[in-house]
Amino acid sequence: NSFHIETAQPEAARCLGQCLSVFERRLVFVSMRLGLGRGRTGMVRDFSPEALTGAIEQTLRASGVGYIDLVVLDDPGEEELPQKSLAALKSLRSAGR
């Protein structure tokens, strides 16, 4: 069973967490897409370490799933994905998030 989160909205993450709470976590594969979201002026691309880790942590807090199995970055350009962002994602992975 796999579930993909297309939004970092807390309400959607809470709903996902409630739905998945009846399953053993190890039996469920959870992925989410990051880097593209709605801003005040329309769609915004943000691959900064703060945006990536913030979205993951917010989703984990709201959903209670414990960890995300796969994070998909929404087609970042070479200049959009700084090394600091990759280091932040590796740090989260090492922490079991």
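**Figure 1. E11 pairs with R14 inside helix α1.** E11 is partly exposed, with a relative accessible area of 49%. Partly exposed lies between buried (under 20% relative accessible area) and exposed (over 50%), using a 1.4 Å probe and protein chains only. R14 is also partly exposed, at 41%. Their side chains form a salt bridge of 3.9 Å, N to O. A salt bridge here is a side-chain nitrogen of Lys or Arg within 4 Å of a carboxyl oxygen of Asp or Glu. Both residues sit in helix α1 (residues 10-20), 3 residues apart, or about one turn of the helix. Helices (H or I, at least four residues) and strands (E, at least two) are DSSP runs, numbered from the N terminus. This is a predicted model, where local features need pLDDT of at least 70, side-chain atom pairs count only at pLDDT 80 or more, and totals for chains, interfaces and linings use all residues. Residues are numbered from 1 along each chain as its sequence is written, and side-chain values use heavy atoms, leaving out hydrogens and water.

**Figure 2. R45 meets E80 in a salt bridge.** The N to O distance is 2.8 Å. R45 belongs to strand β4 (residues 42-45), while E80 lies in the loop between β5 (70-73) and α3 (83-94), so the pair ties together parts that are 35 residues apart in sequence. R45 is partly exposed at 36% relative accessibility. E80 is partly exposed too, at 24%.

**Figure 3. E57 reaches R97.** Which residue forms a salt bridge with E57? The partner is R97, and the closest N and O atoms are 2.7 Å apart. E57 is in helix α2 (residues 49-63) and R97 is in the segment after α3, so this pair links parts that are 40 residues apart in sequence. R97 is partly exposed, with a relative accessible area of 30%.

Figure 4. Along the sequence, the pattern reads β-α-β-β-β-α-β-α. The radius of gyration (taken over C-alpha atoms) is 13 Å. The globule rule (2.2 Å times the number of residues to the power 0.38) gives 13 Å for 97 residues, so the chain is as compact as a globular protein of that length. Buried residues make up 30% of the 97 residues. The whole structure holds 5 salt bridges, including R14 with E11, R45 with E80 and E57 with R97.
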